[in-house]
Amino acid sequence: MHAHAAAGALTMSGPPDFAVINAGQLVRQATGGDIDAFEALVRRFQRQVYGFAVQHLRDVDEAQDLAQEIFVKLYRNLARFDSTRPFEPWFWKLAANTTINYRRKRVPATTDENLELRGEAAEQAQHDPTLVDALAQLDPAYRLPILLHYYADLSLEQVASSLGVTLPAVKSRLHRARALLRNSLAELDESNR
Amino acid sequence: MTDQPGDLACARARVLIEAYVDGDLARTDPDLAARMKVHLADCDDCRKQYQQAVSLPFRLKALRAPQPPPSLLTNVMHAVRPERGESRRAWALLIPEAALVAFIVWYLSGLDGLASVASGTVSDLQVLLNWGVGAAQPPSIPVADVFLLAALIALAITAAYHLAILSRLSAPTLREHRRA
């Protein structure tokens with residue numbers, strides 16, 4: 001149904017309705033120099049990418065910087081996208097690599113001071129505050145696969161490809177990460193009583 | 001809390017919970033999975049941990065994405081648009097260079113003009129050398145040669161300016177556009 005709608009949007013005269021065009025088609029248009037198609041792509045993924053960055057970095061300013069860097073990197077790498085493959089795994093691999101390099105370059109080791117979110121972002125991100133706190137305590141090496149698999153909804157194979165590790169290594173890391181989260185949740189629940 | 005219900009220590013059971021929840025344990029070691037089942041039926045604490053482990057993936061998937069600030073989209077588009085605009089401006093800046101080259105080519109009148117300038121330059125250098133050792137009068141410089149020298153200097157400055165622009169375009173800095 002979506003494919004039919006997208007085809008319809010492309011064959012109609014007048015300005016295209018970007019909302020019904022699939023991401024792969026938007027990338028193709030953006031690669032051909034259609035800046036509006038790229039803007040539509042950013043609009044479509046910005047909430048997910050920003051949320052991913054907020055959950056990973058626990059700092060709204062840094063999260064905005066990272067999200068911006070991910071989209072600019074996407075723009076510069078549009079020509080490398082193989083349009084015969086699905087867009088999202090490729091995009092999230094780029095996002096994961098950018099995140100890993102971003103942490104190496106800019107973000108110091110997690111401290112209590114930068115665990116705070118502010119304003120609206122804090123309210124929206126903290127609808128499950130115990131889990132958000134537990135995630136914040138998790139080592140970034142465990143937090144990244146957790147966010148890619150459960151938050152960005154990548155398959156295990158795609159997470160493995162994004163992080164450049166084997167499938168068993170990803171499974172093992174996710175099991176370990178969930179066990180650590182489970183222990184943190186138990187401790188936080190205990191301390192909240 | 002019992003220590004080893006189902007012939008499995010709690011510490012061992014806790015390590016296996018995620019593999020048990022995902023079904024990996026049943027695939028790789030069905031006997032151990034069966035002992036886990038017995039253990040969880042008998043141990044309240046481990047059962048609570050198991051329930052936590054079962055709900056955790058759903059809670060992670062349900063984490064809400066905060067609304068990004070409007071400046072995110074603005075800054076991204078600001079960061080990518082100048083690349084095209086500046087490229088066009090760089091090409092436009094080639095116009096004065098092209099005009100200078102056309103002037104020089106016109107002035108030199110092709111290869112004959114070039115040969116004439118070369119021989120004139122050698123002759124001027126000889127006069128300068130003789131003047132330097134006190135064997136001749138100071139050389140007189142034709143006005144047209146002064147124009148040519150000025151054009152060459154202008155060309156060199158313009159080319160250097162364009163190289164600086166091109167080097168910035170090849171390595172754009174994100175920070176410049178970050179918090180516009």
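Reader: What numbering and confidence rules apply here?

Author: Residues are numbered from 1 along each chain as its sequence is written, and chains are lettered from A in the order in which they are written. In this predicted model, local features need pLDDT of at least 70, side-chain atom pairs count only at pLDDT 80 or more, and totals for chains, interfaces and linings use all residues.

Reader: How many helices and strands does chain A have?

Author: Helices (H or I, at least four residues) and strands (E, at least two) are DSSP runs, numbered from the N terminus. Chain A has 10 helices and 0 strands. Along the sequence the pattern is α-α-α-α-α-α-α-α-α-α.

Reader: What share of chain A is buried?

Author: A residue is buried if 20 or more other C-beta atoms, placed from the backbone, lie within 10 Å of its own. In chain A, 38% of the 193 residues count as buried.

Reader: How are two packed helices described?

Author: By the angle between their axes and the distance between the axes. Axes are lines fitted to C-alpha atoms, for helices over the stretch in contact, and angles run from 0 to 180 degrees between N-to-C directions. Take H8 (residues 140-151) and H9 (residues 156-163) of chain A: their axes come within 9 Å and cross at roughly 140°. That makes H8(A) oblique to H9(A). Angles under 35 degrees count as roughly parallel, over 145 as roughly antiparallel, 65 to 115 as roughly perpendicular and the rest as oblique.

Reader: Which residues make the contact of H8(A) with H9(A)?

Author: Two residues are in contact if their C-beta atoms, placed from the backbone, lie within 7 Å. H8(A) gives Pro145(A), Leu148(A) and His149(A); H9(A) gives Leu156(A), Val159(A), Ser162(A) and Leu163(A).

Reader: At what angle do H1 and H3 of chain B cross?

Author: H1 (residues 10-22) and H3 (residues 30-42) of chain B cross at roughly 115°, with axes within 11 Å. That makes H1(B) roughly perpendicular to H3(B). Ala13(B), Leu16(B) and Tyr20(B) of H1(B) meet Ala33(B), Met36(B) and His39(B) of H3(B).

Reader: How many residues of chain B are in contact with chain A?

Author: 28 residues of chain B contact 37 residues of chain A. On the chain B side, H1, H4 (44-61) and H5 (70-92) each give two or more residues. That side divides into 18 nonpolar, 4 polar and 6 charged. Ala, Val, Leu, Ile, Met, Phe, Trp, Tyr, Cys and Pro count as nonpolar, Asp, Glu, Lys and Arg as charged, and the others, Gly among them, as polar.

Note on methods: Buried ≥ 20, exposed ≤ 12 C-beta atoms within 10 Å, placed from the backbone.
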